[in-house]
Amino acid sequence: MHYDARLHVRGSSLFVDDLPEPPRLLHAAVVTSPVARGELREVDASRALAMPGVAAVLTADDIPGENQIGTIIMDEELLATRELSYAGEPVALVLASSRRLSRRAAAAVRLEVQEERPVLEPREAFRLGLTVAPSTTLAIGDVERAFGESRTVIEGRADSGGQEHLYLETQAAMTVPGEDGRLLVHSSTQGPSYVQRVTARVLGESMTSVEVDVGRLGGAFGGKEDQATPWAVMTALGARLTGRPVKLVLERCEDMAWTGKRHPYTSDYRMGLDAEGRVIAWEVTYYQDSGSASDLSTAIMERTLFHATASYHVPNVRVTGHCCRTNRPPNTAFRGFGGPQAMFVMECALADAAGRLGVPVRELQERNLLSTGDLLPYGMAYEGDEVRRSWEELCRLYPPEEEAERVRALNAADPVVKRGTALMPVCFGISFTNTSMNQASALVHVYLDGSVGVSTGAVEMGQGVGSKLRLVAARTLGLDPSLVAVETTNTTRAANASPTAASTGSDMNGNAVRMACHAILERLRARAADLLGLPAEGSEAIVIREGAVLLDGEPTDLGWVELVAEAWKSRVSLSAQAHYATPGIHFDRETGRGRPFAYHVAGTAMVTVALDRLRGTCRVESVRVVHDCGESIDETIDRGQIEGGLVQGIGWMTMEELRCDGDGRLLSDSMATYKVPDILSVPEVTVHLLAGSGGGSGVYGSKAVGEPPFMYGIGAYTALLDALRAAGRKEASEHVSPMSAERLLSLLTGEVGEGP
Ligand code: LUZ
Ligand code: MOS
């Protein structure tokens, strides 16, 4: 079970804002740009500084080091100097004795700004030559020839909207100065080492003067991979310049308005099919709304290109991605990281093609599913068989013809509610696409009472990585999990760690924990052999199970605690550090060829929806899933990830709609104006774990689970297309998600909606 659940249900888990407040604490508030685009002429803080209790107002001029928070491309200032590029861009930091005073003082800082016309549409940005990086293309086969040989060619456009992360805990950080200039930064971040590095850069100091500690996060979903950093750096800057502790916790509306989201995409596609319905040519141009700075946009576009063919085999592909610079907050990582946007386009095109050919979508899908050995557009062969096996297993459990028949019968009997059903296969590559990031470390201590402390770079954000690491340590050492404690994530115990992201947290950190525990175990077994009077090779026959030391499977007089004490007496180290690097992966960006992923995770969902043709409302009634977890480390946690992911995906596809006004200010900046799935909108979900799959380089044969289930949500969109057909709506050549109630109603009434 999720180890933290005990704490969460009692309200006793500590998040950044729950940490004891040190004396002389200053509360920070951020003054941000009121315009989406413009020039900053002057910052007048005099009225704020005159308020009793206001300690300082800091601007870019106060930064001792580099005013730069970029990760991949160095194009983002911590505090704006002159150019303002989105509404909500940080300009100044106000430090005051209370949270409320900090906000009042921030409102009293006067900015003199020359407003300019913002660019808010990615296609417009591209036309104007505004991009955050050069465009990239991935190609395989001969796409022009394949179009020439195609029997059917369809073309279209598919737009998917952005998505607010809506982590329960908003962005938060607190920095406490220590002795000799050292800073301790508590941050709600997925990437403690990023926070450490950027803090040192901005302060112009060494990384050794910054210690970052992370207990747990109240959710992240990618929104704290990169974008927890600026807020943490601001508290460190404030602490450095005032010598006092500084805390910054964003209000919900601040967080929603100022931080980046899932990238909206607008894409043009062309698909060629042969006479048998095989997709033989696939061409897409993706226009990504990157926002005003690059952030992780280029990495996200890379994952989009890699997932251009989704769960299908297409021999001739040419896909191009443009990362378009708009005057919106820099968009960022979000569960799926560009994969969902790519898969959405593919599923839209298949739905179009099926409509054109007059065959059920599932027939086209099935014909084109990836088989073992099929080449993916980045030159790696698909090595698994779970795409087809999960599809077949789902169809065995829930024959789709029967579901289609059931839906037809219901639709015939009901003039108002029209149901629709769709299958959604998912195939998602596991590893950071940037090969270098696929490394992790663990530090394990066995204490003299036999208990075990585990530190890694993995961040617990609710996903249960801590629980999994605990099970891995217990399993490797042959102990009960109650003996194992997972420590906070701290840059002094796990250095240069990759962010906990890309679904790799348990795989990589788990493997590092396994290696470190194994090293200690080897020493203990050698010591046990000695104590039992065996020759050195005798340790082979020794096993520790449930805290007992077994010889050839038989109990001995030696127990775990005794063995640990004996090892210490003879001065054997009871600690180990291990480093894990995912084996066998590489990618050449010049040629677009390699083996970027350790493996793929696959599964298939059947989604059935009910559409009210008078009200435009829809309900996702059921989702049945066959999903591959490999040999699950913890089935309860994995099922939680599958259910949570697919509900979040359904939200993205059917209700979550970001709106901003014509000046680029976010209108949907609260829970009253931004609709997310709630407990009442959760469908009946049945999850079957696919049996008998291997091939995961996850720890102990398990597979990554965080992101892949998100994309089952796309099935809600295609099921709605099916329901719309039943409601008599003609095919449209443009696809727009989310299929919000407003959009559904405008489609049903034939009026042109406003679009997201
Ligand atoms: N983060 C990242 C990710 O930096 N690289 C990736 O490939 C990735 N994939 C998924 C989620 N986060
Ligand atoms: Mo992520 S989108 O794995 O931070």
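User: Where is E546 found?
Analyst: E546 is in the loop between strand 21 (542-545) and strand 22 (548-551). Helices (H or I, at least four residues) and strands (E, at least two) are DSSP runs, numbered from the N terminus. This is a predicted model, where local features need pLDDT of at least 70 and side-chain atom pairs count only at pLDDT 80 or more, while totals for chains, interfaces and linings use all residues. Residues are numbered from 1 along each chain as its sequence is written, chains are lettered from A and ligands numbered from 1 in the order in which they are written, and side-chain values use heavy atoms, leaving out hydrogens and water.

User: What's the phi of E546?
Analyst: Positive, about 50°, although E546 is not a glycine.

User: Is E546 buried or exposed?
Analyst: E546 counts as exposed, at 73% relative accessibility. The cut-offs are under 20% relative accessible area for buried, over 50% for exposed and partly exposed in between, with a 1.4 Å probe and protein chains only.

User: And N496, what's its phi?
Analyst: Near 50°, a positive value in a residue other than glycine. N496 sits in the loop between strand 20 (489-490) and helix 15 (505-531), and it counts as exposed at 58% relative accessibility.

User: Switching to the ligand. Which residues surround ligand 1?
Analyst: The shell is E225, R303, F337, F432, T433, M437, A501, A502 and E707. A residue is near a molecule if one of its heavy atoms lies within 4 Å of it.

User: How does that shell around ligand 1 split by class?
Analyst: Five nonpolar, one polar and three charged residues. Here Ala, Val, Leu, Ile, Met, Phe, Trp, Tyr, Cys and Pro count as nonpolar, Asp, Glu, Lys and Arg as charged, and the others, Gly among them, as polar.

User: What lies 2.8 Å from a nitrogen atom of ligand 1?
Analyst: A polar side-chain atom of E225. R303 also has a polar side-chain atom 2.9 Å from a nitrogen atom of the ligand, and a backbone N or O atom of A502 lies 3.3 Å from a ligand 1 nitrogen.

User: How much of ligand 1 does the protein bury?
Analyst: 96% of the 290 Å² that ligand 1 exposes when taken alone. Those areas come from the Shrake-Rupley method with a 1.4 Å probe; for residues, only the protein chains shown count as cover.

User: OK, Q365. Which helix is Q365 found in?
Analyst: Helix 11 (residues 361-368). Q365 counts as buried, at 2% relative accessibility.

User: What does the side chain of Q365 reach at 2.9 Å?
Analyst: The backbone oxygen of L423. There's also a polar contact of 3.4 Å between the side chains of Q365 and Y312. A polar contact is a pair of N or O atoms within 3.5 Å; within protein, one must be able to donate a hydrogen and the other to accept it, and residues adjacent in sequence count only if both atoms are side-chain atoms.

User: And which residues does Q365 touch?
Analyst: Leaving out residues up to four places away in sequence, Q365 touches Y312, E347, L350, W391, L423 and P425. Contact means heavy atoms within 4.5 Å.

User: Moving on to helix 16. Which of its residues are buried?
Analyst: In helix 16 (residues 560-569), W560, L563, V564 and A567 are buried. They cover an arc of only 100° around the axis, which puts them on the same side of helix 16. The arc is that of the directions from the helix axis to the C-beta atoms.

User: What follows helix 16?
Analyst: R571, which has a positive phi near 60°.

User: Which residues of helix 19 are buried?
Analyst: R743, L744, S746 and L747. Looking down the axis of helix 19, its buried residues fall within an arc of 165°, so they line one face of the helix.

User: What covers the buried residues of helix 19?
Analyst: Their cover includes strand 27 (599-612), strand 28 (618-627), helix 18 (714-726) and strand 30. Just after helix 19, G750 takes a positive phi of about 80°.

User: Last one: what joins S737 and P738?
Analyst: A cis peptide bond, with omega about 5°. P738 is in the loop between strand 30 (734-736) and helix 19 (741-749).
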